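Let's take a walk through this structure together, one feature after another. Have the sequence and the 3D view ready.

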Amino acid sequence: MIQTSGVIICLGYIFGLLFTAVPWGGLWILVLGIVGAILFRRRTTSRQLAEKPENAGSKNKAVSNIWQTTPHPRIWLAAGLVGLLATLYLQWRVPQPGAEDISQFVPPGNSTNQEQLVIVRGEVVSNPRLTRSQRGQFWLEATQLDEVKNEKGSASVPKGVTGKLYVTVPILQVTGLYPSQQIAVTGILYKPKGASNPGGFDFQKFLKQEGTFAGLIGRQINVLDQERKWGWWQIRERIVRSQVRWLGVPEGPLVSAMVLGSKAVDLPYDIRDLFVQAGLAHALAASGFQTSLILSVILQLTRRAKKATQFTLGFLALIIFLGLTGFQPAVLRAVIMGFAALVGLLLKRKVKQFGSLLLAATLLLVFNPLWIWDLGFQLSFLATLGLVVTVPPLVNRLAWLPPAIAALIAVPLAATIWTLPVQLFVFGVVPSYSLLLNVLSTPLISIISIGGIISALAALIWTEAGSFLAGVLHYPTDWLIKLVDFFSKLPGNSVAVGSISNWQLLVIYLLIILVWLVPWWQRRWWFANVIAIGLVFIPLWHSTNTLFKITVLESGTEPIVIVQDRGTITVINSGDEGTGRFTIIPFLQQQGVNQINWAIATDFQGNESNAWLELLQRLPIKNFYEYSPKPENSIAIQAIQQELQKYQGSYQALAVGQGVKTGSIVAKLINDQLPILQLQILDQNWLLVGNIKSKEVQQLVKSGSLPRPQVLWCPPESLKDLVIALQPQVAIASSANFDSKALSELNKSQTKLFFTGRDGAIQWTPNGQFEAFIEATENKSSML
């Protein structure tokens, strides 16, 4: 499909885009092109000498034949130039808000606390979805902005605006909403925040990849246009409703997601999370499997027809499938490869899968170079590359098994080999039973996908027929869900190894490529495996046994402190359920933590914390201590004790003033009603102070029962009084909204101030200073 020179040029373009993550990446890729041109110029000279008559022995003829396919040095130089241009092209294509973009009209403060109501008019450009917080979400192409002046609802003069908005509204407000509808949304504009904690979700980056720079917390929707315009969403909705009618939830949405992709279907989050944690996320992504299935069915049904007829019907089928799935990068890649196969069929030429994959990736990245950083695109490309280049040698090595079983093992193993490094880089977690689960679930996934496609086709003709056929899939779908749930509950279902660095990622992929291309490494593939495993686990082992770090997470109004003490992990407080799931667990996974040794609950907010149960379902806790516990028959206490028993963990209720020693830390709740938690960490005294009055603090200081701390955590309302009374070296407050006058007064003191709402997580090591996560991230980004 692509000649060797074409492969080099395409790779130059792709690597040029990847090198934008490296300082002066464009120049580096150009240097590599020049080096390649010099090296292959010398080799070309050696080849010419080998082709002389006096050197025309059999061995030299073999050498000559090998180098006949070697690209000319000019090709390597051209690839370097293409790579340089690719870095410039990506920078040019990075979305930037225009002068009239609606994000330019967000009130100052970059916060949702600016209670300035606005009315945004525009066109709905996506189907509504349900968020984890049970709100409706959709994308809105904004055209007009009105600022509400008072509570009676009078508005300012409308402004013409542009740009796309991420809109969330109460779930009832999105009922009956559909794409292309003209609406007006009343709500509060805000600018998205980046990740505030290590391992946290970067909402700002996510929206920027979608070309969006602002969000809208909607309160009310007024429909301006009731006319229903035709769109792919109508066909998609017809299919989903037909399949859900007899299958119900979650089986119906799951079947639809396996046919159309989870991005095109509002799949319940518990099912989505279940498949992702078990290592079966690919089953929910419409891509190569579905396109191969569609083409196979079309070509089989038309095997006696002319090649032109097969090409036309296959082309139409792929276009329809692409429209139904919503033009996702992974589907586009699969469809382009399908088109290449159809062209090969029409021209009666064999299509090289590697060439068509590379061509598909290059075309897509020319269309949208930002997809180079899209995780779905990366995993789809790498998994397909593994199927193309790694499955055949794996099947050969498994020749002692029946061919069907060998293929069943080789396919998920090849995909895992090529995608696992990226998963470690992004998530830092290895699904332990992923390979076995993939092998066992493949028959069920195949049955459900084939049946789902047949049901979808029937639903387009007669919805009742589609529902009936979907109903036949009840048992396979139910078995699949139960199988995934069973594996997800097995001990050690996922192992956190920590997020690997850029250099680890590059070296591991270099080893994979060497095993793929170089015979010497192919014979010593086990040696490459040992090196790759060592690259992951040796740094993790060293960090675990030497690292002492304290992290104060950005979590709102409750202090959450995580202490990493040379392999011993202490977690103090947990916040609400969302904090546990989206803040604490991602941080611990990024750090390679698989067990919490000590957990201390102080109940600063006066409410039962749900996050401990969330943590216990994902990580074992060996010792759980709770100050000011609820009554022993509390449902929360009983649930925590039941979860602790699964891992032989202990539970102990502590009284005020009773100390707890966890490694290098001594914790003691000084006062329950105020409340104040004292931490003795090495030679430092830390105080975590709740909502208290300054007079009460002064009385405690005078009485000597409250020692002056080196580090203080407190709510922003108490910060000024506490800093003046206690004079700590470092003070950490939770919110970023602080009175500027009081802040200027505090800046004159010797106390160094941090605000987690502004600075993100605060980290400290004995050999270093306190470091703000957001500042450190921005410094790293500026270097790139």
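In this predicted model, the charged end of Arg-272 is placed over the ring of Tyr-269, 5.2 Å from the ring's centre.

Phe-201 is exposed, at a relative accessible area of 58%, while Phe-203 is buried, at 18%. Now look at Phe-486 and Phe-487: their ring centres are 5.6 Å apart and their planes stand at 85 degrees, so this pair counts as edge-to-face. Here Phe-486 is partly exposed, with 48% relative accessibility, and Phe-487 is buried, with a relative accessible area of 7%.

Next, turn to the strands. An open sheet of seven strands runs in the order β16-β17-β18-β19-β20-β21-β22, with mixed pairing. At its edges are β16 (659-662) and β22 (752-755), each pairing on one side only. From one strand to the next, the twist averages 20 degrees. Within the sheet, β17 (residues 665-671) and β18 (residues 676-681) pair in the antiparallel sense over six bridges, and Val-666 stands opposite Gln-680 in β18.

Finally, follow helix α26 (residues 716-726), which lies across β19 (684-689), β20 (711-714), β21 (730-733) and β22. This helix runs at about 150 degrees to β20.

Conventions:
Residues numbered from 1 in each chain as written. Predicted model: local features only at pLDDT ≥ 70, side-chain atom pairs only at ≥ 80, totals over all residues. Heavy atoms only, no water. Pairing = 2+ DSSP bridges. Helix = DSSP H or I, 4+ residues; strand = E, 2+ residues; numbered from the N terminus. Axes fitted to C-alpha atoms, helices over the stretch in contact; angles between N-to-C directions. Contact = heavy atoms within 4.5 Å. Buried < 20%, exposed > 50% of the residue type's maximum accessible area, 1.4 Å probe, protein only. Phe/Tyr/Trp six-rings, centres within 6.5 Å; stacked < 30°, edge-to-face > 60°. Lys NZ or Arg CZ within 6 Å of the ring centre and 35° of its normal.
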